[in-house]
Amino acid sequence: MTNGNIEILLVEDNVDDVELAVRALRREKLANDITVARDGEEALDVIFCRGAHAGRSFQHPPRVVLLDLKLPKVQGLDVLKAIKSDPRTRAIPVVIMTSSREERDLVDSYKLGVNAYVQKPVDFEKFRSMVKDLGLFWVVINQAPPPRAFEPNEGQ
Amino acid sequence: MPSTIQAKLTWTSAMITSIALLVAGSAFVGYYVYSYRASIARNLIVQANTIALNAVPALRFDDPDSARETLSALSADRNIISAAISRPGGGPFASYTGTDPGGRRVEMNHPIVSEGEQLGTVHLAYSLDELYNDVARYALIAVVVLVLSVLVAMAAGRGIQRSITRPVARLADAAKAVSQQQNYAVRVEPTGSNDELGLLVDTFNEMLARICVREADVEAGNQRYERLTEELEQRVTQRTAELEATNKELEAFTYSVSHDLRAPLRRIDGFAKLLVDEYNAELPDEARHYLGRVRDGARQMGLLVDDLLNLARLGRQDVKLQVAGLSTIVQRVTTSLQRDAEGRDIEWQIQPLPFVECDPALIEVVFTNLISNAMKYTRPRARAVIHVGSIEQNGHPVIYVRDNGVGFSMKYADKLFGVFQRLHRAEDFEGTGVGLATVQRILHKHAGTIWAEAELDKGACFYFTLGAVPATRPTVSEQSA
């Protein structure tokens, strides 16, 4: 349970993949606070501050969500859809990070408004460098959306 | 003109009967008139002679009373209208007047001659009324006979006509039923006679019977055909459904492969790498070597999965044809392969290539595979020479990529384009054995073909065509290339 700022929300069901990703991220010392959600439902709880994460506030959205597509309970694309269809969460950057680059996954993701889509390489060194690039870009280089980006549009 | 055969026959027999009767009647009346007139003439001469003989004494003795008496004997013949005796150049000597019906008449003058001297003239007027009355009566009889005989001829002819026209009418009705309703079950009632009509009716019936048999055959054939068509359609529908199901399964399979098969490989490589990174100092050389093998295996399998997925995607992908310049595509490919060429001495000999109808994205995959193969298999050469060019075969361009690399034995040429088929050891030349299978699939999708010529240790040349499969396979010699 986290109450403070989440820099990276990693949504990944496989414990090995979580370990490899977290190790890669920690190694570069880019993110202090990495939260891991092990399925789609947990990811939605974190993002929408409910369930075990009811104590969280919408004031502190994750800087980036690294989202796998194949997840138990709620699929990655449904998580993405939920985030992008709610004004309180729509501005949160979401990066699909998955094994496949099937065209229909790409099409569906971009249609739902994903911010980036990367394929996890088999080669661990390449994976590590990719994770490093992602962390560097979204946590350090990218300007996070200001609070007003999470307010509903006027008239809505 | 009448329109039915019955009417025609009736009309014809009435005409013939009438004409025959008219001719016969006319001949009879004509002959009667002729002979009647002749007999009148003879009769008149006889009477005139008699009167002349009897009148001689009366004239000699100038006795008109006696002459009158002689003339009065003529009253026996009521056709004599008048008679007179006159002296030559003088007035009437004696005369007789009978009844005059006022019709046509004949008149005659006969000389009274005695001893060479003409004493006078007998004058006779004879009525032809009787003759013309007779003629009128005969004509009336002839007309009555004509009418009666026409009626009798028609009645008598009717029987014969019926035996002709009835079967003909029935034939006509049957023929109408056949042609208008396609009813081949009708039969014409047999005439029972052996004449031409009987034969015609029998033959017609026989023909209908045969048509019925044929019709039944055709109907049975049609039903069989319809049944077969239905079965075929059912089978096609079933096969299509099966095929669609298979395609869906295949798609689900590739989707699953692309998601689930790569993840364990990444873990194998990942943890092996972590082991090397974090326990490097504690590991014996052999253990590090083994870990290297583990990682190579995992990465090789990752490439294989990727290549297989590309090949599977290609199967589903539609070819989007447009006219594209092959030179531009080749240039793009060589530029993107530039990094692999670093530190190598490669002599590129790239001829101008034609513009062809193709899917440029797919043809880029073809050239990428062929050119990167050429680069790979020339690696042992101090100076690699790679030709890309085209020759023309029956108006179609044949594109080739030729290298001076290690080549291969033509013994194995048929294995080149099979999936997972490799002609070199993995430690000599890396690869998955999917590239050329992919190339072949792309070219087949373009209705083209690919083949290769090579000699072990001398080099290889890959030829391909788009949109046509040549009957003979041309080759480029070392000189012309």
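These are my notebook entries on two chains of a predicted model.

**Entry: chain B overall**

I began with the totals for chain B. It has 8 helices and 11 strands. The chain holds 481 residues, and buried residues make up 36% of them. I then looked up contacts with a separation of 6 or more. In chain B, 66% of these are between residues 24 or more positions apart.

**Entry: the sheet in chain B**

Which strands form the open sheet, and in what order? I read the order as β6-β8-β9-β11-β10 of chain B, 5 strands with mixed pairing. The edges are β6 (346–350) and β10 (449–455) of chain B, and each of these pairs on one side only. Neighbouring strands of the sheet are turned by 15° against each other on average, direction ignored.

I went through the pairings next. β6(B) and β8(B) run parallel, joined by 5 bridges. Across this pair, W348(B) stands opposite I386(B) of β8(B). Between strand β8 (residues 384–393) and β9 of chain B I found 8 bridges, and these two run antiparallel. Here S390(B) has I399(B) of β9(B) as its bridge partner. The hairpin of β8(B) and β9(B) has 2 residues between the strands. N394(B) in this hairpin takes a positive phi near 50°.

On to β11 (residues 459–465) of chain B. This strand pairs with β9(B) in the antiparallel sense, over 5 bridges. V401(B) has F462(B) in β11(B) as its bridge partner.

Why is β9(B) described as largely enclosed by the rest of the structure? I checked its burial.

Then I took the helix pair. Two packed helices are described by the angle between their axes and the distance between the axes. For α7 (residues 360–377) and α8 (residues 435–445) of chain B, the angle is about 145° and the axes are 9 Å apart. Is the crossing of α7(B) and α8(B) left-handed or right-handed? I noted it as left-handed.

I listed the residues that meet. From α7(B) they are L362(B), I363(B), V365(B), V366(B), N369(B), L370(B) and N373(B). From α8(B) they are G435(B), L436(B), T438(B), V439(B), I442(B) and L443(B).

I also looked up burial in α8(B). Its buried residues are G435(B), L436(B), A437(B), T438(B), V439(B), I442(B) and L443(B). What covers them? The cover includes α5 (285–316), α7, β10 and β11 of chain B. After α8(B) comes A447(B), with a positive phi near 60°.

I turned to two single residues. A55(B) sits in helix α1 (residues 5–60) of chain B. Its relative accessibility is 0%, so A55(B) counts as buried. Leaving out residues up to four places away in sequence, A55(B) touches I85(B) and I112(B). I checked the spacing to I112(B). A55(B) and I112(B) are 57 residues apart in sequence, yet their C-alpha atoms are 7.7 Å apart in space.

T121(B) lies in strand β4 (residues 117–127) of chain B. Is T121(B) buried or exposed? Its relative accessible area is 19%, and buried means under 20%, so T121(B) is buried. With the same exclusion by sequence, T121(B) touches A84(B), I85(B), S86(B), N109(B), H110(B), P111(B) and I112(B). The side chains of T121(B) and Q118(B) are joined by a polar contact of 3.4 Å.

**Entry: strand β3 of chain A**

Last, I looked at chain A. Strand β3 of chain A covers residues 64–67. V64(A) and L66(A) point one way from this strand, V65(A) and L67(A) the other way, and all are buried.

I looked up its partners. Strand β1 (residues 8–11) of chain A runs parallel to β3(A), with 4 bridges between them. I8(A) has V64(A) as its bridge partner. β3(A) also pairs with strand β4 (residues 94–98) of chain A, in the parallel sense over 3 bridges. In this pair L66(A) stands opposite V95(A).

β3(A), helix α3 (residues 76–84) and β4(A) make a right-handed β-α-β unit.

Terms used
Residues numbered from 1 in each chain as written. Chains lettered and ligands numbered in written order. Predicted model: local features only at pLDDT ≥ 70, side-chain atom pairs only at ≥ 80, totals over all residues. Heavy atoms only, no water. Buried < 20%, exposed > 50% of the residue type's maximum accessible area, 1.4 Å probe, protein only. Pairing = 2+ DSSP bridges. Right-handed = clockwise from strand over helix to strand, strands pointing away. Polar contact = N/O pair within 3.5 Å; in protein donor to acceptor, adjacent residues only side chain to side chain. Contact = heavy atoms within 4.5 Å. Axes fitted to C-alpha atoms, helices over the stretch in contact; angles between N-to-C directions. Left-handed = near helix turned anticlockwise from the far one by under 90°.
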